[in-house]
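I have my notebook open and a structure to look through. Here is what I looked up, entry by entry.

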Amino acid sequence: MRDLRRTLELLQELRNLLSEMAYSVDAVIVEGRRDVEALRVLGFSKPIYTCSGTFMTRGELCSAVAQECSRVAILTDMDEEGERLFTEFRRMLTEMGVAVEDFYRWRFKRICLELHTNSVEGLLRVSRLLPT
């Protein structure tokens with residue numbers, strides 16, 4: 001029971017974080033469509049760009065983001081590939097004049113790891129515990 005209560009608290013904290021992000025960033029960048037689905041289920045309504053499953057190169061994606069956004073959060077997975085993508089996208093976007101809000105990634109990462117998932121799409125499984 002205590003684990004379930006803590007999981008629900010963390011999911012609410014995640015929803016609050018995403019709500020806060022909706023006021024602070026213009027968009028979020030994630031890895032794939034299941035990540036988009038997870039953020040939508042948790043209530044994030046701002047634009048979400050994916051870095052896989054697109055015909056654009058990473059540079060083209062960053063250029064498109066830079067044309068539309070001045071502040072973004074990058075919520076790639078917490079594995080080695082996700083960290084590499086975060087570093088690459090952060091560098092390119094910063095060079096293009098886009099502010100990357102690292103603070104949200106670190107808070108998001110802490111919550112995900114406490115929920116025992118290192119992927120954004122892993123939140124889909126956990127979010128099923130939320131009351132509808």
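**Entry: an aromatic pair**

I began with phenylalanine 86, which counts as buried because its relative accessible area is 6%. My notes on the words: buried means under 20% relative accessible area, exposed means over 50%, and partly exposed is in between, with a 1.4 Å probe and protein chains only.

Before going on, I noted that this is a predicted model, where local features need pLDDT of at least 70, side-chain atom pairs count only at pLDDT 80 or more, and totals for chains, interfaces and linings use all residues. Residues are numbered from 1 along each chain as its sequence is written, and side-chain values use heavy atoms, with hydrogens and water left out.

How many aromatic pairs does a search of the whole structure find? I got two. Rings of Phe, Tyr and Trp (its six-membered ring) pair if their centres lie within 6.5 Å; planes under 30 degrees apart are stacked, over 60 edge-to-face, and the rest tilted. Phenylalanine 86 and tryptophan 106 have ring centres 5.5 Å apart and planes at 70°, so they are edge-to-face. This pair links distant parts of the chain, with phenylalanine 86 in helix H4 (residues 80-95) and tryptophan 106 in helix H5, 20 residues apart. Helices here are DSSP runs (H or I, at least four residues), as are strands (E, at least two), numbered from the N terminus. Tryptophan 106 is partly exposed, at 40% relative accessibility.

I also found arginine 105 over the face of phenylalanine 86, 4.5 Å from the ring centre. For that, CZ of Arg (or NZ of Lys) must be within 6 Å of the ring centre and within 35 degrees of the ring normal.

**Entry: the cores**

Next I looked for nonpolar cores, meaning sets of buried Ala, Val, Leu, Ile, Met, Phe, Trp, Tyr and Cys residues joined through side-chain atoms within 4.5 Å. The largest has 27 residues, and Met21, Val28, Leu39, Phe108 and Leu123 have the most contacts inside it. Helix H1 (2-24) gives this core its largest share, six residues. I then checked leucine 123: beyond its neighbours within four places in sequence, its contacts (heavy atoms within 4.5 Å) include Leu14, Phe108 and Cys112.

**Entry: cysteines**

How many disulfides does a search of the whole structure find? I counted zero; a disulfide needs two cysteine sulfur atoms within 2.5 Å.
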